[in-house]
Amino acid sequence: MRHHPGDHSPAPHTRRSLHTVAGPLPVSAVRGPALAHEHLVLDLDRTGDGAAVLDAARHRAAVTAELAALRAEFGLGLVIELTCRGMGRDPLALARIAEESGVAVVAATGWYYEPFHPREIGGASVEQLAGTLIREINDGLGATGIRPGVLGEIGSHGDRPSEPETRSLLASAHAALATGLSVATHAQLGRGGLAQLELLTGTGLAPHRISLGHQDLLDDPAAHRELAASGAYVAFDTVGKESYQSDDTRLRLLLALLEAGHADRVLLSCDISRHGYLESEGGQGYGHLFRSFLPKARAAGVDEDLIDLMTRRNPLRFLTGADADAEEI
């Protein structure tokens, strides 16, 4: 039976396997850490300068090499790849990167924030948009047969989503309810996370199936505590992007959230979103989290169990819809 918007008959909310670009993967097979918000192939170029691009033809080898090296050095087991509709998504390229690197990749569906909305958003209703997402989740991305394993990165900007962004967020929530997938958001510069959460949970979607993106760009520990206390995940997912926020500030914010008792709500990643961030081009690379930020966290007193929680157990619980209090992964 296919679910459709308005049909909230029970879907499996906790799954024991992930939908990866290579097919189902048992949760138990992911032994190493995950990167919770990355891009391996994308095109966000609106100016013609080609900076906000990770091109499958030009950059795939460098991306693959970085992931393979992280698998060898740190046991990297999974990348949650949040390039969605209108962002230059390329599921076949993701499948090739996953195969060649040996790192599992979860692909996404949804819509980014309004400046990047494709024309299909237009005047489409929430129900129509949800139907588009549900078809991709059930049938695969285009003719590839590759099924997305997460809804994301569903975007908004400002303190409240715009009208088209509101429809996109609501459609994602309906699709999540119908299929059992979880929702990862893009909160531009960390703003608007609470408004996103209110919209998504207002549909009946449980907070622990929601990750609020880019919260490490918002220097507001009280806001982080409020989001975490609701049961949602708080994504510190732009680690290493020093032009937006210093890692020293990120670490201070993370330590405050851990001190408040919310380690089970934290997701970590680097959000590599242009080719200049690749190591081969002098950037910080996908490994910055493991090579730079986590050593600083350890030096500040964060132990290995907490690091495993934030980098492995939390992302797996998020993806599978498992409540942190319900079961161990």
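A: The count comes to one cavity of 30 Å³ or more. A cavity here is a set of points, on a 1 Å grid over the protein atoms alone, where a 1.4 Å probe fits but cannot get out. Points are joined across faces, edges and corners, and a volume is the space filled by probe spheres set on them. The model is predicted: local features need pLDDT of at least 70, side-chain atom pairs count only at pLDDT 80 or more, and totals for chains, interfaces and linings use all residues. Residues are numbered from 1 along each chain as its sequence is written, and side-chain values use heavy atoms, without hydrogens or water.

The largest cavity holds about 50 Å³ of space. Its lining (residues with an atom within 4 Å of a point) consists of Ala 36, His 37, Leu 82, Ala 184, Thr 185, Ser 211, Gly 213, Ala 235, Asp 237 and Leu 267. Strand E3 (34-38) and strand E10 (183-187) each give two or more residues to this lining. Strands are DSSP runs of E, at least two residues, numbered from the N terminus. The lining divides into five nonpolar residues, four polar and one charged. Gly counts as polar, Ala and Leu as nonpolar, Asp as charged.

Now the sheet. E3 belongs to an open sheet of three strands, in the order E3-E6-E7, with parallel pairing. Two strands pair if DSSP finds at least two bridges between them. E3 and strand E7 (104-106) are the edges; each has a single partner strand, so one side of each lacks a neighbour in the sheet. Strand E6 (residues 78-81) is joined to E7 by three bridges. In one of the residue pairings, Ile 80 has Val 106 of E7 as its bridge partner.

Note on methods:
1 Å grid on protein atoms, 1.4 Å probe; cavity = no way out; pocket = protein on both sides within 12 Å on 5 of 7 lines; lining within 4 Å. Helix = DSSP H or I, 4+ residues; strand = E, 2+ residues; numbered from the N terminus.
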